[in-house]
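Open the model in your viewer and keep the selection tool at hand.

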Amino acid sequence: MLSLFALHASNRFVHITEVERGLACNCRCAICGEVVLARQGDKREHHFAHSSNIEPCASNYESDLHRFAKRVILEAGGLVVPMTAAAAQALGVSDDRASSILLACADIKEEIAVDDRRPDLLATTTDGIGVAIEIAYSSFCDMEKRRAYENMQLPALEIDLRAFTPSAFDVTQVKRVVLEDTACKYWLWPERLEGTAMAEQLPTLPPAALAAQRQFLPEEIVTIRGRWISIKELPSGDIAIKAVRFDPEIVSAVRTVARAHYGRYRETHHNWVIPRFRAEAARAQLRAIASAM
Ligand SMILES: [Zn+2]
């Protein structure tokens with residue numbers, strides 16, 4: 001089939017809709033490395049073609065989709081994941097009331113062997129917990145693979161991208177589903193435990209202990225140039241803001257906004273706490289910066 005993806009000079013794996021037309025796309029064939037041009041004419045489906053005009057290399061859409069999804073997660077440094085009581089426990093989160101959380105990652109590696117599994121991505125959360133991420137299009141993890149994750153006690157998430165066939169591929173939609181949605185994501189391990197079984201398996205903590213261990217609070221994610229800023233509402237009504245991944249430009253933007261709203265920096269949490277009487281104003285300013293960029 002025609003190739004919809006290529007490797008940009010910046011080393012990003014790009015879709016045909018993300019580049020300029022013709023040689024200006026500044027891309028090479030992801031398979032043979034030859035310079036390609038982006039054919040974006042009216043007659044044929046848009047695709048990349050070798051500049052020498054030789055036959056296209058045999059590309060595989062499924063592996064291309066995997067590669068694209070991995071790029072999106074690597075660039076964002078995390079993703080929103082569904083939360084279940086079992087998953088919360090595995091991730092060391094005592095508060096399981098949130099239906100989803102932003103899994104902020106300190107590190108994400110591609111195709112690393114973990115025992116006999118090789119997940120698409122192996123993330124390490126900012127709390128130091130490993131999470132396997134599997135991208136699925138036509139083949140999904142079976143019971144044997146679920147058991148392998150269970151044996152390793154390694155939380156594993158599968159992202160179902162089967163809706164994105166070659167003709168339905170849309171960069172914005174794929175990014176949204178991969179990073180922000182939870183409908184197409186589920187935990188392979190630990191699985192959702194229903195009814196009484198769940199209550200039995202969870203440790204019961206007194207409310208005060210729960211409050212003390214509570215890490216995941218109502219959270220909003222604001223995206224500036226593909227980088228995430230987390231805004232968490234604290235029980236006091238103050239808000240805590242932080243750049244999810246270190247990026248000098250974003251850290252500086254957060255600092256500027258925080259200082260303008262009487263924020264104080266908490267070294268222990270690497271975040272800025274804005275007093276509640278300025279919380280909405282600070283939130284609005286961050287949203288305004290995000291939409292301006
Ligand atoms: Zn080629």
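Start with the whole chain, and keep in mind that this is a predicted model. Among its contacts between residues at least 6 apart in sequence, 54% join residues at least 24 apart.

The protein chain has eight helices and 16 strands.

Next, show the surface. Of the 293 residues, 45% are buried.

Go on to a sheet. Select β6, β7, β8, β9, β10 and β11. These six strands form an open sheet, in the order β6-β7-β8-β9-β10-β11. The pairing is mixed.

Which strands stand at the edges? Select residues 78-82 for β6 and residues 185-189 for β11. Each has a single partner strand, so one side of each is left without a neighbour in the sheet. Turn the view and follow the twist: from one strand to the next it averages 40 degrees.

Select residues 121-125, strand β8, and residues 130-136, strand β9. Their pairing is antiparallel and runs over four bridges. Show the side chain of leucine 121. Opposite leucine 121 is isoleucine 133 in β9.

Last stop: a helix. Select residues 171-179, helix α4. Helix α4 packs on the sheet. Which strands does α4 touch? The answer is β6 and β11. Compare directions too: that of α4 makes about 60 degrees with that of β6.

Key
Residues numbered from 1 in each chain as written. Predicted model: local features only at pLDDT ≥ 70, side-chain atom pairs only at ≥ 80, totals over all residues. Heavy atoms only, no water. Helix = DSSP H or I, 4+ residues; strand = E, 2+ residues; numbered from the N terminus. Buried < 20%, exposed > 50% of the residue type's maximum accessible area, 1.4 Å probe, protein only. Contact = heavy atoms within 4.5 Å. Pairing = 2+ DSSP bridges. Axes fitted to C-alpha atoms, helices over the stretch in contact; angles between N-to-C directions.
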